[in-house]
Amino acid sequence: MKPSCRSLISAAILSIAFSGTALADVTARYGELQAVIDAINDPDPLMRLAQLEEILKKGNATEVQLAIRTAFSLEDPNIRSLALRAHFAGFRTFVITAELPEEIKKTLAGGDKKAVDEINRSELFRYFQRAGYQFSFQSEYPGSDALEFNAKLLNDGRTDPDYIGSGNIRGGMVTIATPLTYMVNKHACSFEFTKYEGFTLKGFGSCNMDDGFLFPVTLHLFDDVKVEAKN
């Protein structure tokens with residue numbers, strides 16, 4: 001057999017052996033990731049909570065994200081609470097998107113000039129227009145075993161300690177309170193999220209501004225589920 005033929009055969013054998021090893025590695029990894037999903041879906045609520053804690057402690061980024069996404073699909077307040085805390089612990093910034101209440105949308109779309117002028121005089125409505133209906137936050141979360149975290153509103157560019165807000169996670173509910181400056185006046189806003197739609201939290205917000213109103217808010221837990229707000 002010519003040397004060139006032997007080289008080609010050897011290369012082919014090595015290639016087959018490498019492919020087999022790679023396939024075995026992929027299969028093993030698939031099994032590990034499937035085990036994460038199975039662990040979070042365990043029928044015993046205490047067992048799935050313990051297994052989520054263990055996955056978070058292990059710290060493999062892919063497994064942690066897979067476990068958290070799986071946890072959000074369960075109707076279990078304890079597992080959701082732990083998943084939320086773990087997820088927020090990994091946040092550096094997050095955005096709350098606000099919408100106008102349906103009745104205000106209808107008024108603005110109607111032909112009642114007096115009613116529209118009244119809405120235009122609302123400080124909160126004017127703030128929404130200036131901020132693009134978004135509240136951007138920088139967060140500092142101690143860790144997944146903590147219930148509270150700091151949340152600094154970035155809309156105003158304030159760095160004073162007095163302008164640092166706070167967040168709280170209890171069960172599946174997330175609440176955030178923050179100071180806010182508009183037209184040199186200091187106000188307070190709060191947000192409460194209690195409803196889940198996939199990987200999105202829904203709730204309501206309020207601010208103690210003149211002619212303020214309760215408004216729907218959305219918090220997307222993952223960037224790939226963000227959608228444009230409809231105002």
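I take a helix as a DSSP run (H or I, at least four residues) and a strand as a run of E (at least two), numbered from the N terminus. Axes are lines fitted to C-alpha atoms, for helices over the stretch in contact, and angles run from 0 to 180 degrees between N-to-C directions.

I note that this is a predicted model, where local features need pLDDT of at least 70, side-chain atom pairs count only at pLDDT 80 or more, and totals for chains, interfaces and linings use all residues. Residues are numbered from 1 along each chain as its sequence is written, and side-chain values use heavy atoms, with hydrogens and water left out.

**Entry 1: helices 5 and 6**

I looked up helix 5 (residues 102-109) against helix 6 (residues 113-120). They pack at about 125°, and their axes are 8 Å apart. Helix 5 is therefore oblique to helix 6. My cut-offs: under 35 degrees is roughly parallel, over 145 roughly antiparallel, 65 to 115 roughly perpendicular, the rest oblique. The two cross left-handed (the near helix is turned anticlockwise from the far one by less than a right angle; clockwise would be right-handed).

Which residues of helix 5 and helix 6 make the contact? I find Ile 104, Thr 107 and Leu 108 on helix 5, and Ala 115, Val 116 and Ile 119 on helix 6. Contact means heavy atoms within 4.5 Å. By class I log 5 nonpolar, 1 polar and no charged residues. Ala, Val, Leu, Ile, Met, Phe, Trp, Tyr, Cys and Pro count as nonpolar, Asp, Glu, Lys and Arg as charged, and the others, Gly among them, as polar.

**Entry 2: helices 3 and 4**

Next I took helix 3 (residues 61-71) and helix 4 (residues 77-89). The angle is about 140°, with the axes 9 Å apart. Helix 3 and helix 4 are therefore oblique. Their crossing is left-handed. Helix 3 brings Gln 65, Ile 68 and Ala 71 to the contact; helix 4 brings Ile 79, Arg 80, Ala 83, Ala 86 and His 87.

**Entry 3: aromatic pairs**

I searched the whole structure and got 15 aromatic pairs. Rings of Phe, Tyr and Trp (its six-membered ring) pair if their centres lie within 6.5 Å; planes under 30 degrees apart are stacked, over 60 edge-to-face, the rest tilted.

Phe 94 and Phe 137 are stacked, 5.1 Å centre to centre with 15° between the planes. Phe 94 sits in strand 1 (residues 93-98) and Phe 137 in strand 2 (residues 134-140), 43 residues apart. Both are buried (under 20% relative accessible area; exposed is over 50%, partly exposed in between; 1.4 Å probe, protein chains only).

Phe 191 and Phe 215 are edge-to-face, at 6.4 Å and 75°.
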